[in-house]
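These are my notebook entries on one structure, kept in the order in which I looked things up. The sequence and the model come first, and my notes follow.

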Amino acid sequence: MIKLRIKFGRFIAVFCLPLIFWSLSTIAARPKQSEDALLEWSKLPPIPGEEGFSGMFGGVSVEKLIVAGGTNFNNKRGSSEGGHKKWSDLIYILDEPGSQWQLAAKRLPRALAYGVSVSFEDGIIFAGGSDGVSHYSDVFMLRWVENRLEFQSLPSLPKPCAFMSGSVLGSTLYIAGGRESPHAVEALHSFWSLDLSKPSGQLSWQELMPWPGPARMLAISAVQDNSFFLFSGMEIEVGEDSLGQKLTPYLNDAYRYEPFKGGIGKAWKRVADLPRSAVAAASPAMALGQSHIAVFGGSDSSQLRTDLTQIPKVQGNIHLYHTITDTWSRRGLMPVGTAGVTLPAVAWNDGEVYMGAVGGPSKGSPDVYFVKRKASQSNFGFINWIVLSGYLVAMLGIGFYFSKREQSINDFFLAGRRIPWWAAGLSIFGTQLSALTFMAIPAMAYATDWSALLKSFGILFVAPFVIYFYLPFFRQLNVTTAYEYLEKRFNVIVRLYGMLKFLITQLLRVGVLLYLPAVALSAVTGMDPYLCVIVISIFCTAYTVMGGMEAVVWSDVIQVLVLALGSMLCLFLILFEVGGIGEIIRLGTKYEKFRTFNWSFDPTAFSVWVLIVGPFFQNLGGYTTEQTVVQRYLSTKTEKDAARGIWTNALISIPTILIFYPLGTGLFAFYRKNPERLMPDRNDAILPYFIVNELPPGLAGLLIAGIFAAVMSSMDSSMNSVSASLVNDFFHRFNKRKVSEKASLRLARCLTVSIGVIGCGAGLLLLTFDIRLIIFQLIAFLGLIAGGLTGVFILGIFTQRANSIGVLCGAGAGFVGPFLVKNYTDLNIFLYAPIGVLSCVTIGYIVSILTPFANKDVEGLSIQTLNRAG
C-alpha cells in the first residue's frame, strides 16, 4: 500500500502538475474571441416597385413565402418632403429563393400594416394592424390551397391593436403591447394568448397577466428555450421637450414568460437589459441554436417624437441574448444597407427573411434579405486529430492483444473469469457512465440546476440489495446470461421474453448512445455527424470482435480514467478562469443553480421522494436484469470478487457525479463571465465545446477521444452482451446438433458484427430527428419497458407461488401501467419504472394464485430455498 501511494504521488508530481500548469498558461495566453459575424446575408429578389413597403405582414404557407400589406411614401421620404403615406392591400408570393415575386389575384380584406403575422402549420395568421385611420382587431389565417389563396376567420383580438409584437410558442400565439388607436396617448399594457390546438369552435383569446414593466409598442418578441421573450419597445407621450413637443422614451428592458411554470404572476420575470434599445427592430427575433436569440436593426435613440415618420439613428449592431446565462454579447454588424426598423421577420428554408424599411418607416425599401447561421468553423486542429486518431488506434491494439486469448465461448463472453474485481467494478461503472453521463449531466447542471442530483445516489441503495439477494443466484447457477435463470425458474417462454426485451432495449440504447455524442462531437470537431456514427461503430465493432469481453473491460478501464481525470482538469481550469470556487458559489447561488431538494409531495415534480423511489427501481432493473452488467458479475474469479466489483462501481459513482454537477455549474459561471466566447449551438454539446475551444491542443484531443471511448464503452458492452444472449439463450438452447467451440466462437463474432451494423443504423436514423433533451427521452423509454422484466425477476427470486402464466401477465401489466400513466397523467418520468415494477409484481402474483399449475420444483431458485440448496 505504501509503495502504491509513492507511485501515485510520483504520477501526480511528474505528470498531472506539469499538465495543469501548462494548461493554465495556455488558457491565460489564449486571445479573446473577436466579434466574428455569425450570420450569412444574401439578397432575395426585390419586392416589385421602387419604394417597397414597411410594416408588412409575412409568413410561409406550403413552403411558399407570402408577404402582404405595408406602407410607403410614393418615393418621398415622408411628410417633411411632401410625401403622402399610402397603405397597401397587395399580396406577393415567392415560390423559392431563385424565382420572382408574383402578385396574387386576391388582396387583403383592407389595406393594412403594422400588425402581427406568424406562420403556423400550413398557414399564416394575420392579427390586428392599421390603415392609418383606424386600428383593427381582425384576425384571420391565410393559406395557399390548390394554387389559390384562402382566408379563414379567427376570433378577433380583445381590442383593436397595431404596432404590437407576437410569436407562436408551441401551439399558442402570444401578442404583447401595441397601440389601440392612431390617437391613443398610452401604449397597451396587455398580453393575450390564443391556443391554436383547440377546435375552431372553441378558439378564444385569453387575457393574461402582462409583464411587470411599462406599457409599450414596437417591441421585439422572440421564442426560445420553451419561453416567450419581450425586448425593448417604446412608451407614448410621457413629457415635453423645451419646445413643448411631446416625447416618448425608448426602453431597453427585457422580460421572459415561461407558461409551463404556471401560477398567476409567476410566469413572468425580468431578464438582463439590452445593451441598447432596439425599437421596431426585426420581430420575431431570430432564434439561434437552443438558447440564443439574435437582435438586430431598430432604433436606439434616447428620445422619440410621436411622429413615427421621424425615427432617427437606425442601428446595424447584432446582439445575442443567451437564455441560460442571461447575458448579452455584441456579435458584429449587419451588412451595409440592411439595417432598418419595422422589419417583418419570417422563418423560411432554415433561415430568416427580412423585408421592408431601411432607415425608418418614412422610407421603405423593396430589398429582401435572407439570413442564416454561418457554417460553424471547427477549432479542433491538426494536433487534436492526431491524438484522437492515436487513441482510436490504441483501442484496436487492445482488441488485437486480447484476440490471441479468445479461444472459446467462455473466453469471449466471460473473459475466462480472469478479470480482477477492481477492473470489473470500473468496467461496470464505465458501462453505466457512457457519454450520456459525461456530457448530459454537466449540460443539465449548466442549463438548469442540481435538482436531479439525488438520482445519482440510487446505486448506493441498490448495491447491497444486488449483492445479498441477486448475485448468489447468478454465481451458484453457473449461467452465462441472466435469462438462463428465468427458464430454470419458470419456462423457456419467460426466458425468451427476457432475452427479447433485453435485445430491443440494447439495440435502441446503442442508437441513442451513438446519436448524442455524434451530434455534439460533430459540432466541435467539424466531423459530419453521420460519419462520426460510422467511425465509432467501425472501431468499436472491430476491437470487440477481436478481443471479446477482455477487450471490452480493459478499454472501459482506460476510458473511465481518462474521463475522470479530464473532468477534474476541466473543473480546475474553470476555477482558475472565473476567479475561484467562491465566484462559482456566488453566481450559482444568485441564479439558483444549486437548487437540489424539493420537499413537495407533488408527483409531477423532481421532488426528493420521486428522485429516491424512481432511480432505485431504475438502478435495480439495470443491475439485475441487464446482461451488460450481469456479465461482469460472471467474469470474475469468485462471488466475493464480483461483490467487490459492485461496491467499487457504487463508491466510484458518487465522487464522479459530485464532479459532474459542479462542472456544469462551473461552465455556467465561465460563460456568464465570458458570453462572447459562447457560440450558438446545442446545450448538450457545452462540455465538448469548452474542451475544444478552451483547453490546449493535444489535451483537448485526448478528452474528446475519451468521449469517443465512452460511446464505444457502452456500445461494446451492448454488442458483446447481446451476442452472448443470442448464442446462449437462442442458438444453443434450440440447436439440437452439437456445435464445436470454434463454430460457436465464429457465430458469436458474426453476431457481434451484425449487432454493430444494426446499432449504427439506429444511430443514423436518430440523426434525422430533432431530440432536444435526449437523456430525458431515454429515461422515459426505459421506464416504460424496463419495469416488467424487473418485476419478473422479483417474482422469481422472492416468491415461490409465482408461475409462468402469472409472470407473463405481470410483464404485460408492467408495460401497460406506465404507458397509461405516460399518456393520461403528468407524473414525473422517474416514476414510470416503479409503476411498471409494482404493476408487474401485483398482477403477476394475483394471476399466479388464480392459476394453480402443478408446482415446479424451485429448490435453489428462490430466496427461501437458496441456502437449503447450497
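How many aromatic pairs does a search of the whole structure find? I searched and found 42 aromatic pairs, where rings of Phe, Tyr and Trp (its six-membered ring) pair if their centres lie within 6.5 Å.

Before going on, I note that this is a predicted model, in which local features need pLDDT of at least 70 and side-chain atom pairs count only at pLDDT 80 or more, while totals for chains, interfaces and linings use all residues. Residues are numbered from 1 along each chain as its sequence is written, and side-chain values use heavy atoms, with hydrogens and water left out.

Entry on rings. I traced a cluster in which ring pairs link Phe465, Tyr468, Phe469, Tyr470, Phe616, Phe617 and Phe798. I then looked for charges over rings (NZ of Lys or CZ of Arg within 6 Å of the ring centre and within 35 degrees of the ring normal). Arg110 lies over the face of Tyr136, 3.8 Å from the ring centre, and Lys593 lies over the face of Phe668, at 4.6 Å from the ring centre.

Entry on the chain. I counted 19 helices and 29 strands, taking helices (H or I, at least four residues) and strands (E, at least two) as DSSP runs numbered from the N terminus. Of the 870 residues in the chain, 59% are buried, where buried means under 20% relative accessible area, exposed over 50% and partly exposed in between, with a 1.4 Å probe and protein chains only.

Entry on two helices. Helix α8 (residues 529–578) packs against helix α9 (residues 581–590) at about 85 degrees, with the axes 7 Å apart; axes are lines fitted to C-alpha atoms, for helices over the stretch in contact, and angles run from 0 to 180 degrees between N-to-C directions. That makes α8 roughly perpendicular to α9 (the word covers 65 to 115 degrees). Ile574, Leu575 and Val578 of α8 meet Ile581, Glu583 and Ile584 of α9, contact meaning heavy atoms within 4.5 Å.

Entry on Arg373. I found Arg373 in strand β29 (residues 368–373), and it counts as partly exposed because its relative accessibility is 25%. Its C-alpha atom is separated by 6.1 Å from that of Glu40, 333 residues apart along the chain. Not counting residues up to four places away in sequence, Arg373 touches Leu38, Leu39, Met286, Leu288, Met679 and Pro680.

Entry on Leu726. I placed Leu726 in helix α14 (residues 699–734). Leaving aside neighbours within four places in sequence, Leu726 is in contact with Leu503, Phe731, Leu751 and Ile755.

Conventions: Phe/Tyr/Trp six-rings, centres within 6.5 Å; stacked < 30°, edge-to-face > 60°. Parallel < 35°, antiparallel > 145°, perpendicular 65-115°, else oblique.
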